[in-house]
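The points are grouped by topic, and cut-offs are given where a term first comes up.

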Amino acid sequence: MRTWVVVAPANRAESVRQTLRSLGLLRKELRATRSGGEVAFPVHSAPTPSLEYTRTEEREVPSQTQAPRSYRELLHLPPEQQALLPRAFDVIGDVVLVRLPEELGPSAAEVGAALLAFVPGARRVGWDSGVHGEARLRRLRPLAGTGAWRTLYRENGLEFFVDPEVAYFSPRLAREHARVAAQVVPGETVWDLCCGIGPFALTIARRAAPGRLVAVDSNPAAIALLRENAVRLGVAARIDVRNETLEQFVAAAGSADRVILNLPHEGIKYLPPVGAAVAPGGTVHYYEVTARADHSMRRTTLVKQLGTTAGWQCVEARRVHPYSPQADLMAYALRRR
Ligand SMILES: C[S@@+](CC[C@H](N)C(=O)[O-])C[C@H]1O[C@@H](n2cnc3c(N)ncnc32)[C@H](O)[C@@H]1O
């Protein structure tokens, strides 16, 4: 293909490349070529004024493109905007969700188009401005693509419907769903509290043999998806699905051997009633956003919150993923002696 190239002597190539990059001129999707002691960098337009030691010319370059390693290589925003592009984004089935700083607003549609082109099989891209409200719903703004947010998603060999507009779901917990399911002892009573669309419960129902499995959430849309997915996966008879609040359920539910509680910002207030309902030897898998500054003391705080008389122990504290520059999503396993 025909493009502008900036030609630099090989011994100046790296500094010229960096300058072109900082000016946002480099065509990152095309390869630089070296010949006769010179390097030719494909550019979007000729730099003005021209760079020292270089000349700019139009040239035919091989049309074979290097596969971009990041969607950011498909974007040519002003350098201050390019620097704000997040590295990470979530792929849920054929839907892509990205968290963008508000400053990227003027370029948001371009970012959406780049992600749509970069992620294989992507159908729709949304700007995820964070979760809100009791149902932890994401604020989604359409950026690119078409169709509904509802999508078919696969993890750990299971396929289920997710609709991030009406019910919480995070693909970043896939390993946790499998890890907790692998710990379920045959015959146990397991409660998945604040289950959302039920990825823990569905995985346990398919992979383990609990004696009783109850999944509870206050969001009717999440419960409707869980019921639909349970039927789809052939496990509807193995999950007692409840559309009620954790408080209502725990007050009348008896006791459990294993409880999953994934309500990362508020779950701590439910630890006392949940702890009181756990049988001796039982475990609470508790998920929480913990500030890094609190990591060392958090095990003790959680154990105290569960109540000192029953003899609780924090047997595991693992980082699931970073949540912000100062905090992590943590998975704690709390065991009653
Ligand atoms: C962070 S999401 C976790 C969903 C699910 N456990 C998962 O891992 O995908 C929290 C869920 O808790 C539910 N929720 C919030 N407060 C609740 C309460 N008091 N009782 C029952 N469910 C609640 C919300 O509707 C939401 O689905």
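A polar side-chain atom of Asp217 lies 2.7 Å from an oxygen atom of the ligand, and a backbone N or O atom of Cys194 is placed 2.8 Å from a ligand nitrogen atom. This is a predicted model, in which local features need pLDDT of at least 70 and side-chain atom pairs count only at pLDDT 80 or more, while totals for chains, interfaces and linings use all residues. Residues are numbered from 1 along each chain as its sequence is written, and side-chain values use heavy atoms, with hydrogens and water left out.

**Ligand surroundings**

- The ligand is surrounded by 21 residues, a residue being counted if one of its heavy atoms lies within 4 Å; the closest are Glu134, Cys194, Asp217, Leu246 and Asn262.
- An N or O atom in the side chain of Tyr270 is 3.2 Å from a nitrogen atom of the ligand.
- On its own the ligand has 600 Å² of accessible area, and the protein covers 98% of it (Shrake-Rupley method, 1.4 Å probe).

**Nonpolar cores**

- The largest nonpolar core has 44 residues, and those with the most contacts inside it are Phe160, Ile197, Leu202, Ile204 and Ile239; such a core is a set of buried Ala, Val, Leu, Ile, Met, Phe, Trp, Tyr and Cys residues joined through side-chain atoms within 4.5 Å.
- Elements that each supply at least two residues of this core include β10 (158-162), α5 (199-207), α6 (220-232), β15 (278-291) and β17 (327-336), where helices (H or I, at least four residues) and strands (E, at least two) are DSSP runs numbered from the N terminus.
- Apart from this core lies another, of 27 residues, among them Trp191, Val259, Val274 and Leu306.
- Ile197 touches, among others, Phe160, Phe169, Leu202, Leu225 and Leu226, leaving out residues up to four places away in sequence; contact means heavy atoms within 4.5 Å.
- Leu226, found in helix α6, counts as buried because its relative accessibility is 0%, where buried means under 20% relative accessible area, exposed over 50% and partly exposed in between (1.4 Å probe, protein chains only).
- Beyond four places in sequence, the residues that Leu226 touches include Ile197, Leu202, Ala215 and Val241, and its C-alpha atom is separated by 8.3 Å from that of Pro199, 27 residues apart along the chain.

**Strand pairing around β17**

- Nine of the ten residues of β17 are buried.
- β17 runs antiparallel to β15, with nine bridges joining the two (strands pair if DSSP finds at least two bridges between them), and Thr283 stands opposite Arg335 in β17.
- Strand β16 (residues 312-324) also runs antiparallel to β17, through ten bridges, and the two form a hairpin with two residues between them; Glu316 stands opposite Ala333 in β17.

**Two further buried residues**

- Trp149, in the loop between β8 (137-145) and β9 (151-155), is buried because its relative accessible area is 5%.
- Thr3, in strand β1 (residues 2-9), counts as buried at 3% relative accessibility.
- The side chain of Thr3 makes a polar contact with the side chain of Arg27 (3.4 Å); a polar contact is a pair of N or O atoms within 3.5 Å, and within protein one must be able to donate a hydrogen and the other to accept it, while residues adjacent in sequence count only if both atoms are side-chain atoms.
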